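Please open the structure in your viewer and keep the selection panel at hand.

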Amino acid sequence: MTNSSSEVDKKICFVHMPKCGGTSVIHALRHPFFYRDSIHFKSSRATAKAKKMGWDINQYREECLVKLLSKPRYNYVSGHYRCTQKTVRQFEDIWGFFTLLRNPEKRWFSHYFYNRHKTSRHYKIDISIDEYVQSEAGQSIGSMYVGFLSDVPDRRSEEAIQDAIDSLKRFSLVGVMENLEKFTTSFEAAFGRKLEIPNKNQSPASQIQMEVVTDEIKARVAEICAPDIRIYNYAIEHLGA
């Protein structure tokens, strides 16, 4: 990471990984950043437009991010967008990039159960977990971190995983949901602003859902999440997450 005393003078960009506690971070940032010279990227609108125009969704999201980072008026941007080395290198002198990760296997199950039981149709999952773990969608979210941090097409390849790690190494701050206390302390040290994120326990409903998951499914999810586990472990072992 590129942490230094100069980070406190930088604008900040939050790369919000889905189902990694990012919504709580956004709420915590409202006091110091959110209501003034800031913008939260609406990924659903970008996704709808990209699909309508036949564009690559992740590429379009990153193009949207570049446009936002290029606007002098903003000092804080956040959202679900791809952020590769190319973008970080282009803006790292002015912007401090940070993100929050979560144990990929826990994130996979959270993603499934949340979208399986939600009432809205947006990204709703209508198939059983046995079917989903075999589906293309179910397998793709096991390399979600790689997809957010690299533009290499084969997200399970060694090239893509290493490219994603190289992107993350250029971030000012990387944290993990399993250690929010360390994340908030590191955030204050990096950016000179204090975050107060409530430490919410896992809901009883989530615990009950996990109790019905078979060992076979858990093993398959671990295999699916292998690329993101590499990213997550690197963040903890080498980036102080």
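Select Lys 169 and Asp 166 to begin: the two residues stand three apart in helix H10, which means that about one helical turn separates them. Helices are DSSP runs of H or I with at least four residues, strands are runs of E with at least two, and both are numbered from the N terminus. Helix H10 covers residues 158-169. The side chains of Lys 169 and Asp 166 form a salt bridge, with the closest N and O atoms 3.6 Å apart. The term salt bridge denotes a side-chain nitrogen of Lys or Arg within 4 Å of a carboxyl oxygen of Asp or Glu. Lys 169 counts as partly exposed because its relative accessibility is 33%, and Asp 166 is partly exposed at 23%. Here buried means under 20% relative accessible area, exposed means over 50%, and partly exposed lies in between (1.4 Å probe, protein chains only).

This is a predicted model, in which local features need pLDDT of at least 70 and side-chain atom pairs count only at pLDDT 80 or more, while totals for chains, interfaces and linings use all residues. Residues are numbered from 1 along each chain as its sequence is written, and side-chain values use heavy atoms, with hydrogens and water left out.

Next, select Glu 62 and Arg 82. These residues form a salt bridge whose closest N and O atoms are 2.8 Å apart. The pair joins distant parts of the chain, 20 residues apart: Glu 62 belongs to helix H4, and Arg 82 to the loop between strand E3 (76-79) and helix H5 (85-91). Glu 62 is buried, with a relative accessible area of 6%, and Arg 82 is buried at 11%.

Now display the contacts of Arg 61, a contact being heavy atoms within 4.5 Å. Leaving aside residues up to four places away in sequence, Arg 61 touches several residues, among them Phe 41, His 80, Tyr 123 and Phe 148.

Move to Lys 10 and Glu 7. Their side chains meet in a salt bridge of 2.9 Å, N to O. Lys 10 counts as buried at 16% relative accessibility, and Glu 7 is buried at 1%. By the rule stated above, the count comes to six salt bridges.

Select Leu 29, in the loop between helix H1 (22-28) and helix H2 (30-34). Leu 29 has a relative accessible area of 0% and is therefore buried.

Finally, display the whole chain. The chain has 14 helices and five strands. Its C-alpha atoms fill a box of roughly 50 × 40 × 35 Å along the principal axes. Buried residues make up 48% of the 241 residues. Among contacts with a separation of 6 or more, 71% join residues 24 or more positions apart.
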